[in-house]
Amino acid sequence: MIPQWEALTRLVISAAEILPGIRTQPWDVALTADGPVLLEVNYGGDLNLAQLAHSAGVLDERYTEHLARCSYRSRALQEAEREPSRKSRPVISTFPSSVN
């Protein structure tokens, strides 16, 4: 359980609205006695730590929908759309449902 989670998410969501051009915003937040404080936002971010910690990928349905809303198309997806492949599609692993 993360302390001050509701206040933290409200703060980050309101701050994210100021930077609409950055579609994926990993925020660094400090939890203080006076409440959460924003330290910085990163452009794009690094998903390696979360994947290593949970031994699972992050490309679940929710994140795939987010990428689609942001008009993101991976190079592999773009190539697949141009040329049909006979290879089977890769298995996509996800975070356990308990991870926010």
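## Before helix H1

Where is the place of Gln 4? Gln 4 lies in the segment before helix H1, which covers 5–16. Helices here are DSSP runs of H or I with at least four residues, strands are runs of E with at least two, and both are numbered from the N terminus. The phi of Gln 4 is positive, near 60 degrees, in a residue other than glycine. Gln 4 is partly exposed, at a relative accessible area of 31%; that class falls between buried (under 20%) and exposed (over 50%), using a 1.4 Å probe and protein chains only.

## About the model

This is a predicted model, in which local features need pLDDT of at least 70 and side-chain atom pairs count only at pLDDT 80 or more, while totals for chains, interfaces and linings use all residues. Residues are numbered from 1 along each chain as its sequence is written, and side-chain values use heavy atoms, with hydrogens and water left out.

## The loop between H2 and H3

Now to Ser 55, which sits in the loop between helix H2 (48–54) and H3. Although Ser 55 is not a glycine, its phi is positive, at about 50 degrees. Ser 55 counts as exposed, with 71% relative accessibility.

## His 66 in helix H3

Helix H3 spans residues 61–69 and includes His 66. With a relative accessible area of 16%, His 66 is buried.

Which residues does His 66 contact, leaving aside its neighbours within four places in sequence? They are Arg 23 and Thr 24, where contact means heavy atoms within 4.5 Å. Thr 24 is 42 residues from His 66 along the chain, and their C-alpha atoms are separated by 8.8 Å.
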